[in-house]
Amino acid sequence: MINIFSKNLFIPILNLLANISIILPFAIYFEIYSQNGKGYYYLIPLLLIYCLRGSGVFLGPILKKTNQQLLILSIVFEILGYIISCFYITSPVFLVLGGIFLGIASSWGWPYFLSIRELPYFKIKKNDWIKSGLLLVIILLTFWISYNTKIYCFIFILLSFLYLSVLIPLSHTLNTNKNLISVTVSTSTKLFTQLFLFLLLLSLLFIERYARAIYIESSVIVALLLVSIIIFLVLRHLYKEKINTPYMIPASVRGFIMSFVLFYTPFYSLSYLGQKQIFLIYCLYLLGFEIGSIFFKIIGSYLYYICIFGLLLTLNSFSFLIGIFICSVFLGLQNNRINTIYGKIYMQDSNIFIKKYQFSSIGSFFFQFTYMLMIGFLSIYNNQEILNFFVPANGTKSLKTQENIVHFILIGISLICILKARKEDHKYD
């Protein structure tokens with residue numbers, strides 16, 4: 001029955017699930033956390049999804065499997081994660097187990113899907129996009145029903161069925177096409193580096209995200225992050241020396257600027273706009289990203305100037321949202337630039353898109369750790385709780401001044417990163 005159902009929907013379902021796999025599990029778990037009084041037992045699984053989603057891209061190559069095998073494994077993890085999560089009503093422990101599977105699968109779904117989308121038998125047609133859109137409406141409607149009834153088994157069962165419906169045809173398609181390139185880890189040193197980097201980033205993300213939800217002494221946070229970042233930088237150097245990936249710095253900067261737009265500015269919008277504009281900023285990001293992708297051939301040569309202009313506009317309350325939109329246009333432009341360069345070397349390295357997301361993640365981590373360090377030091381200096389930076393009720397004049405200091409420093413670091421990326425980018429003209 002599943003095979004018959006997915007015969008004409010295999011590509012649309014796979015395309016849709018790969019696109020939403022990064023955000024949907026986190027969104028579902030966040031609503032469960034919010035509707036259950038933000039209890040500790042519901043916070044841990046939410047953090048697991050968040051942290052594994054960010055660091056899991058470093059775990060895949062350790063398994064020495066092909067990209068295609070890892071894509072299938074990610075689908076298996078999604079199925080297990082959603083089925084296990086159905087039992088959360090009996091115990092939140094099932095959310096923890098489900099969060100582990102869904103967190104890893106979230107980090108693998110999109111990049112490993114990209115690694116096979118370049119193959120001729122996975123071409124996505126216009127009708128496939130229409131079918132994906134209709135399926136998205138069904139998923140969102142089911143999510144809405146789950147949200148209002150507080151019975152999230154509805155969305156868990158639907159997603160389990162959709163993932164199961166693509167597992168059989170995907171396995172069959174990949175088994176009948178043997179022109180696959182294996183992903184291998186060449187040395188034990190690199191294996192150790194990959195594994196240690198994954199565990200370190202997972203720990204760092206957990207500390208950083210946990211500190212934003214539960215009170216922890218600022219001095220403890222700063223000490224942990226400082227020691228961890230030193231180790232992280234050493235490992236990053238070792239990792240960089242072990243691989244030969246073009247466009248590493250621009251790919252890292254992509255993650256840095258993306259975190260600036262999606263992680264930082266929603267909180268900072270409170271100072272300029274009087275309230276957190278999370279939904280509005282996310283919509284501006286999507287619109288700007290798509291515009292950048294569409295008009296890449298026309299304005300792509302100015303992408304770094306566009307980003308600098310956008311960053312500077314965020315310094316003024318009147319142009320704050322315009323600046324965010326322009327930075328999002330840059331992200332769309334640069335994404336096309338990276339994909340164009342990586343597409344040319346895809347046949348020599350089928351793992352190239354995985355490396356893109358690894359370095360993008362490194363840039364994102366660097367931004368978040370830098371931000372947390374700054375507000376940690378400011379909290380120690382002013383003898384205040386670090387949570388004040390994330391609570392709207394604490395928006396005092398003194399706190400706004402501190403936020404402005406952080407904002408100016410982050411803009412300065414962003415400009416340095418952009419100029420460094422632009423310098424490397426010229427090598428590929």
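This is a predicted model: local features need pLDDT of at least 70, side-chain atom pairs count only at pLDDT 80 or more; totals for chains, interfaces and linings use all residues.
Biologist: Why does I44 count as buried?

Modeller: The relative accessibility of I44 is 18%. Buried means under 20% relative accessible area, exposed means over 50%, and partly exposed lies in between, with a 1.4 Å probe and protein chains only. I44 is under the buried cut-off, so the word applies. Residues are numbered from 1 along each chain as its sequence is written, and side-chain values use heavy atoms, with hydrogens and water left out.

Biologist: Where does I44 sit, and how far is its C-alpha from that of V93?

Modeller: I44 belongs to helix α4 (residues 40–55). Although 49 residues separate I44 and V93 in sequence, their C-alpha atoms are 9.6 Å apart.

Biologist: What makes a stretch a helix here?

Modeller: Helices are DSSP runs of H or I with at least four residues, strands are runs of E with at least two, and the numbering starts from the N terminus. The protein has 17 helices and zero strands.

Biologist: How do you know that the length of α16 agrees with its number of residues?

Modeller: The expected span is 1.5 Å times one less than the number of residues. Helix α16 (residues 352–381) has 30 residues and should therefore span 44 Å, and its end C-alpha atoms are 44 Å apart.

Biologist: Why is α16 called largely enclosed?

Modeller: Because 26 of its 30 residues are buried. Across the protein, buried residues make up 56% of the 429 residues.

Biologist: What makes Q334 buried, and what does its side chain reach?

Modeller: Q334, in helix α15 (residues 320–344), has a relative accessible area of 0%, so it is buried. The Q334 side chain comes to 2.9 Å from the backbone oxygen of P250. A polar contact is a pair of N or O atoms within 3.5 Å; within protein, one must be able to donate a hydrogen and the other to accept it, and residues adjacent in sequence count only if both atoms are side-chain atoms. Leaving out residues up to four places away in sequence, Q334 touches P250, R254, L303 and Y304, where contact means heavy atoms within 4.5 Å.

Biologist: Which residues does I281 contact, beyond its neighbours within four places in sequence?

Modeller: I281 meets V261, T265, P266, S269, L321 and I324. I281 is part of helix α12 (residues 278–294) and is buried at 0%.

Biologist: What makes the nonpolar surface patch, and which helix gives the largest share?

Modeller: Patch residues have over 30% relative accessible area and no salt bridge; nonpolar side chains (Val, Leu, Ile, Met, Phe, Trp, Tyr) are joined within 5 Å, and like charges within 9 Å. A salt bridge is a side-chain nitrogen of Lys or Arg within 4 Å of a carboxyl oxygen of Asp or Glu. I89, L141, W144, I145, I151 and F154 make this patch of about 600 Å². Helix α7 (residues 126–149) gives the largest share, three residues.

Technical notes: Accessible areas come from the Shrake-Rupley method with a 1.4 Å probe; for residues, only the protein chains shown count as cover.
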